[in-house]
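Please look over the structure shown below before reading on.

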Amino acid sequence: MPQLSAGDTAWVLASAALVLLMTPGLALFYGGMVRAKGVLNMLMMNFAAIGVVSILWVLYGYSLAFSKDVGGGLIGGLGDFGLEGLIGEKSLSGTIPTTVFVAFQAMFAIITVALISGAIADRTKFSAWIVFIVAWATIVYFPVAHWVFFFDDGNGGWIADKIKALDFAGGTAVHINAGAAGLALALVLGRRVGWRRDPMRPHNLPLVLLGAGLLWFGWFGFNAGSALSANGTAGVAFINTQVATAAGLLAWILVEKIRDGKPTTLGAASGAVAGLVAITPACASVTPLGAILVGLAAGVLCALAVGLKTKFGFDDSLDVVGVHLVGGLVGTLIIGFLASAAAPAGVNGLFYGGGFDQLWRQTVAAAAVLAYSFVLTYVIGKVIDKTMGFRISEDDEVSGIDLTEHAETAYDFSTIGGGSRTHGLARGTAVRPEHGARVAASHEPAPRSASDPTSESASEPTSEPGPEPGPGEPGQGPEDGPAAAPAEEKEGSWTR
């Protein structure tokens, strides 16, 4: 009979909080990568996932994922609906209260849904996204979580308990699942207006790096917390997570240096996330040296994979496919090669004398989750698109999804610096959509007052004018927003 461990309970509670932090971190990571006119919508899509999935998880999500299997290792029952009977002090999951385990797993469900949003940035109806969250979590995530995470001495999920594929923290259930869903929705919604014609560069790279840092920090709870105990397995998962992430970062910027001539901040952030994704399923199956190889492989392959959308013509806005689907596949399959019996999982892969036994198990698990998620997500997306419409209009997309879907803008350039200067926004001029606000153009002259710096009475300067811009210096101030970029730009990892 297991006994309650205060240390294990404290660690898993802290880990749950770390995993929850990953979703706001993801929102900032994605938010910095979109254009200025879509950042609030991206933040809202991620925060909406927190709100909706939290409720669904308590009502029936946990029960479908982790209650007694109702047949074939495919789905749990509804015996724990509303967490009925699970909140007593004697209800334990191993050495921690069941409620702590419920909370920890809820955070995985939340971020899996949130990951999908990056594939359909800038063009998704917010109301349709809410409906999609409910449908996808119920039909796709909860069953897959049962397959991968529910162990019951041979009577649990078919991937976990029957074919015994190794996925310590969610390479299949989270990353392959979300990546395949992102690809399906990108095909359902189609390309953004101006894709491959207009510059769609990240509007705020410091925000991207802040988000990546929060993801890196929270991922220690994601991986090491999955030990569900404050023990040596958690320690191995922790150090493997760190070195794989570092290797992924370095590998990605090395690819950029060789391919494009310059390493970029966006590449560094993306490489770190690729390393995190790939080590997720493998962090208890490989040694620290193996974890470095996992990160290097993920950094290189994901850096190359983000170009697939251009080659095949699908608009995966923020590279959910290139990073999460490909990274999840790399991490899941590489276990079959690099797994070592010296690691906590105690299994040898092909390179350690284990033959192909574990490799086929990993391949079946990855392929099954990919196919199930892609097909079901495509059907869900098509049903929503045909019934209520999944995509905003082209006019709304050009104007900016923040304004048209939420009646808000992230940045108000018209108020920068007070009223003593025009700040580059002449009267009667429409603000460009990148500024996030629409101002109706007018050709009528505005009435002038003595306080107006453009009036005749104020036409003489009251102080010495500033120096003219020197050679090579821009003539517009930062308040004028980014200068227009040329329509044709070299494809690189800093473009989306």
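## Buried residues and the core

Cys283 counts as buried because its relative accessibility is 0%, where buried means under 20% relative accessible area, exposed over 50% and partly exposed in between, with a 1.4 Å probe and protein chains only. This is a predicted model, in which local features need pLDDT of at least 70 and side-chain atom pairs count only at pLDDT 80 or more, while totals for chains, interfaces and linings use all residues. Residues are numbered from 1 along each chain as its sequence is written, and side-chain values use heavy atoms, with hydrogens and water left out.

| Residue | Relative accessible area | Class |
|---|---|---|
| Cys283 | 0% | buried |
| Cys302 | 0% | buried |
| Leu86 | 11% | buried |

The structure holds zero disulfides, a disulfide being a pair of cysteine sulfur atoms within 2.5 Å.

The largest nonpolar core has 124 residues, and those with the most contacts inside it are Phe29, Trp57 and Trp129; such a core is a set of buried Ala, Val, Leu, Ile, Met, Phe, Trp, Tyr and Cys residues joined through side-chain atoms within 4.5 Å. Helix α2, residues 39-66, gives the most to this core, with 16 residues, and helices (H or I, at least four residues) and strands (E, at least two) are DSSP runs numbered from the N terminus. Not counting residues up to four places away in sequence, Trp129 touches Met45, Ala48 and Phe390, among others, contact meaning heavy atoms within 4.5 Å.

Leu86 lies in the loop between α2 and β1 (92-93). Leu86 and Thr98 are twelve residues apart in sequence, with 6.3 Å between their C-alpha atoms.
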